[in-house]
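Please look through the sequence and the structure shown here, and then follow the explanation from strand to strand and on to the helices.

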Amino acid sequence: MSELIQKQWSTHSVYAAIVNKEMEIVTIGQTTIHENNDPTAHAEVNAIRAACKFLKTDILPTAYWLYSTFEPCPLCSSAIIWSGLDGVVYANDPRFRRTLPNWSFIKCKDVLKQGTDIHQVNLIKNFMLDDIKRYFIRHQK
Ligand SMILES: [Zn+2]
């Protein structure tokens, strides 16, 4: 997570990574909405797409987790369910975004809870929150 947060500080983009059961980073995704003219190219979705392509699968293996510098939005939370990830760890709490748009207009935990019939996903929120919240305080307009 430290590596992802450092990347966000330097490039001002949300970052996410897929981590395997050995805690090795399999892929890193960055938000590329503008570069790709793709409104679904969120960091989490990009990391999931890259991991599935790399592993040549549409369901990620057991014990793969996603780490994100942001709380995954409803789109990404749904993609997390469909990809078979066992868990999510995210750093940011939306209350530190202040006037920035709240992309998590449906909480990640609520989407994951609604999707338990499809796939059960563990959630660790506000991980390394002190490191990421300073980013939003510093970049507040
Ligand atoms: Zn998203």
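**Strands, loops and a helix pair**

Residues are numbered from 1 along each chain as its sequence is written. Because the model is predicted, local features need pLDDT of at least 70 and side-chain atom pairs count only at pLDDT 80 or more, while totals for chains, interfaces and linings use all residues. Helices (H or I, at least four residues) and strands (E, at least two) are DSSP runs, numbered from the N terminus.

Strand β1 covers residues 15–19, and with β2, residues 25–30, it pairs in the antiparallel sense over five bridges, where pairing requires that DSSP finds at least two bridges between two strands. β1 is also joined to strand β3, residues 65–68, by four bridges, and these two strands run antiparallel as well; here I18 stands opposite L66 in β3.

In a regular strand the side chains alternate between the two faces of the sheet. In β1, Y15, A17 and V19 point one way and A16 and I18 the other way, and all are buried, a term that applies if 20 or more other C-beta atoms, placed from the backbone, lie within 10 Å of a residue's own, whereas 12 or fewer makes it exposed and a count in between partly exposed.

Two loop residues deserve a separate look. Most residues other than glycine have a negative phi, and most peptide bonds are trans. M23, however, has a positive phi of about 65 degrees although it is not a glycine, and it is found in the loop between β1 and β2, a hairpin with five residues between the strands. With 8 C-beta neighbours inside 10 Å, M23 counts as exposed. A63, in the loop between α3 and β3, has a positive phi near 75 degrees and is likewise not a glycine, but A63 is partly exposed, with 13 other C-beta atoms within 10 Å.

Helix α3, residues 43–55, packs with helix α4, residues 74–83, at an angle of about 20 degrees, their axes being 9 Å apart; axes are lines fitted to C-alpha atoms, for helices over the stretch in contact, and angles run from 0 to 180 degrees between N-to-C directions. α3 and α4 are therefore roughly parallel to each other, since angles under 35 degrees count as roughly parallel, over 145 as roughly antiparallel, 65 to 115 as roughly perpendicular and the rest as oblique. Where they meet, E44, V45, I48 and C52 in α3 face L75, C76, A79, I80 and S83 in α4, contact being counted if C-beta atoms, placed from the backbone, lie within 7 Å.

Terms used: Contact = placed C-beta atoms within 7 Å.
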